[in-house]
Amino acid sequence: MLNQDNIVAIATAHGFSGVGVVRVSGKSLLSFALTITHKSKINPRVATYSEFFDSNHEVIDSGLILYFPSPKSFTGEDVLEIQGHGSPVSLHMVLKRCLELGCRIAEPGEFSRRAYLNNKIDLIQAESIIDLIHAESEMAVKSALKSLSGTFSNYINKVNEQLINLRMFVEATLDFPEEDIEFIVEAKIKNKLEILQTEIKHLLANTKQGVLLNNGANIVIVGRPNVGKSSLLNALANEEIAIVTDIAGTTRDIIKEKIVINGVVFNLIDTAGIRNTDDVVEKIGIERALHAISNAEMCLVLLDDSIGITPEDDDVLAKIPQELPLIYIHNKIDITGVRAKVEKKDKQTRVYLSAKTHMGVQLLRNEILKLIGFDSACKDVFIARTRHLESMNKAVHHIDTSFTNWHNLEILAEELRYAHSNLTDITGEFTADDLLGEIFSKFCIGK
Ligand code: GDP
């Protein structure tokens, strides 16, 4: 349900800055803007310099005011942007004035939610706003911008169109008695299904890339002291400095470092602290590390060729899930004289490198990306979420089932209907209110 109140929020981050923005969305905001500025005229979509006044006609701040009349605004309603000084106190004075003039404080994500409800953006685009704000690499920012501009939605809509087209064809054919279905019609259905299957699988692969960019991946590092873990981290971190954001709830105490490879953020979890102990506090830390390991996507086993795996490493390795992909890294080849290389034998990957001279480090980066399934050659990466991937996996499942049942029109019609509904869940064409609530509540206030 679209709530009609006028809403207001400070749109810039809390703190001291040169400029701070208060954003208002709702109805009849021109007269609102004239009241707060004491002006007789404000042109739409043009920055107007003004003083801002309280109810006693005293100046509370000065800056720019922008008025975007409905429907050509972010939310589709009238929108005001009041750009004052970035002092928390002055921003609150402007906010207070807006409340006096009839606004209420916006809920988290309410501006974006209104934009979605007014069909200015779809659900993918709304989600990409928050993904853009939280992006941790340049590649993630660019990909979020692609999703925001509609690249991902367009792909979904294109597959959806084919699906609708096929559904109409199947439903129309259903109306004829079975014996009347001609060979040519059957061939047409099969052919259309094949094309659809190829397209959606291609889209699924791209979506997986987008989810990786968004979520990053966890890597566990195993290796006894002095094998060169810190040196390797530094060598890997060379590519792009990871901006470490302080997100509540992450197990920051056990994550040693973030690195970025081709835009994908990896949290490296050091297992150095994992050992048998009776110390209660240490045990808690170890529990956390083990939990992180259970969520990891990959493990790097670091070896000093001259020593190999020690019993302590074996203890840690025993705690790592068997199915977790591993890369064995033979470090210090500058001493052993082995050349930098990747060796694949008996399903094991071994990379020979020197963390000190950086020889072979790029080979390791490539192997890490390969192992988590990131295709560096993929140019058109848009940001995506686990939610999108789950729905798309369901859609692919239903399309695969339709394919195996293509001769049974009733099953086919049913399966295609499910696939269609899975895809519309992604763009949010018919999304339930509770899911919307969950998505938008994760936004910050003012977005
Ligand atoms: P960690 O204890 O596993 O984190 O190991 P460090 O990264 O602190 O490295 C231990 C020692 O090995 C340091 O003196 C490093 O300079 C040295 N080292 C690390 N990698 C290499 C390498 O590739 N070649 C050589 N020659 N020394 C290395």
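Trainee: How many residues does the largest nonpolar core have, and which of them have the most contacts inside it?

Mentor: In this predicted model, the largest nonpolar core has 35 residues, and those with the most contacts inside it are Leu 232, Phe 266, Ile 327, Ile 329, Leu 364, Ile 368 and Ile 372. Domain 2 (129–213 + 385–428) and domain 3 (216–372) both give residues to this core, so the core lies between them. Apart from it lies another core, of 29 residues, including Ile 156, Leu 163, Ala 384 and Ala 413.

Trainee: What does Phe 266 touch, leaving aside residues up to four places away in sequence?

Mentor: With that exclusion, Phe 266 touches several residues, among them Ala 217, Ile 219, Ile 259, Ile 368 and Ile 372, and also Glu 257 and Lys 258. Contact requires heavy atoms within 4.5 Å, so each of these residues counts as touching Phe 266.

Trainee: Why are E1 and E2 said to pair, and in which sense?

Mentor: Pairing needs at least two bridges between two strands, and E1 and E2 have 4 bridges, so they pair, in the antiparallel sense.

Trainee: What makes E1 and E6 a pair?

Mentor: E1 and E6 have 2 bridges, in the parallel sense, and because at least two are needed, they pair. Here Val 8 stands opposite Ile 105 in E6.

How values were computed. Residues are numbered from 1 along each chain as its sequence is written. This is a predicted model: local features need pLDDT of at least 70, side-chain atom pairs count only at pLDDT 80 or more; totals for chains, interfaces and linings use all residues. Side-chain values use heavy atoms; hydrogens and water are left out. A nonpolar core is a set of buried Ala, Val, Leu, Ile, Met, Phe, Trp, Tyr and Cys residues joined through side-chain atoms within 4.5 Å. Buried means under 20% relative accessible area, exposed over 50%, partly exposed in between (1.4 Å probe, protein chains only). Domain bounds come from an automatic or database domain assignment.
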